[in-house]
Amino acid sequence: MKHKKIIILVTLGALLCVGKVWADNNSWQGSPNLIRTRNIIDQLGQKLSTKSSEVNRLQEQASLTQSQLTDAQNNVQDYKNKANDLQN
């Protein structure tokens, strides 16, 4: 008889704990945190896209500037050659 009471009390205690855990899961406050975290991730993704576009634009600009510099150096060399020809 004493063992039956202990088993019943342990069972009731377990059921109460399970019920409390189940109730806590249904009203879990982590969901808004997940939404906030997802929003932060989305914002960071947008910033990364913006920065990647800016890097690509700057790389194109650097390439164009390098091409212009090479052209200018070639022109300087041509003018030096013409100046030498005129002196001779």
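What percentage of the 88 residues of the protein count as buried? In this predicted model, local features need pLDDT of at least 70 and side-chain atom pairs count only at pLDDT 80 or more, whereas totals for chains, interfaces and linings use all residues. Residues are numbered from 1 along each chain as its sequence is written, and side-chain values use heavy atoms, with hydrogens and water left out.

Of the 88 residues, 1% count as buried (under 20% relative accessible area; exposed is over 50% and partly exposed in between, with a 1.4 Å probe and protein chains only). The accessible surface of the protein is about 8400 Å², and carbon and sulfur atoms account for 61% of this area (Shrake-Rupley method, 1.4 Å probe; for residues, only the protein chains shown count as cover). The protein has two helices and zero strands (DSSP runs numbered from the N terminus: H or I of at least four residues for helices, E of at least two for strands).

Two salt bridges were counted (a side-chain nitrogen of Lys or Arg within 4 Å of a carboxyl oxygen of Asp or Glu). One of them joins Arg-38 to Asp-42, with the closest N and O atoms 3.0 Å apart. Both residues belong to helix α2 (residues 30–87), where four residues, about one turn of the helix, separate Arg-38 from Asp-42. Arg-38 is partly exposed at 48% relative accessible area, and Asp-42 is also partly exposed, at 33%.

The other salt bridge links Lys-51 with Glu-54, whose closest N and O atoms are 3.9 Å apart. Lys-51 and Glu-54 are three residues apart in helix α2, about one helical turn. Glu-54 is partly exposed, with a relative accessible area of 33%.
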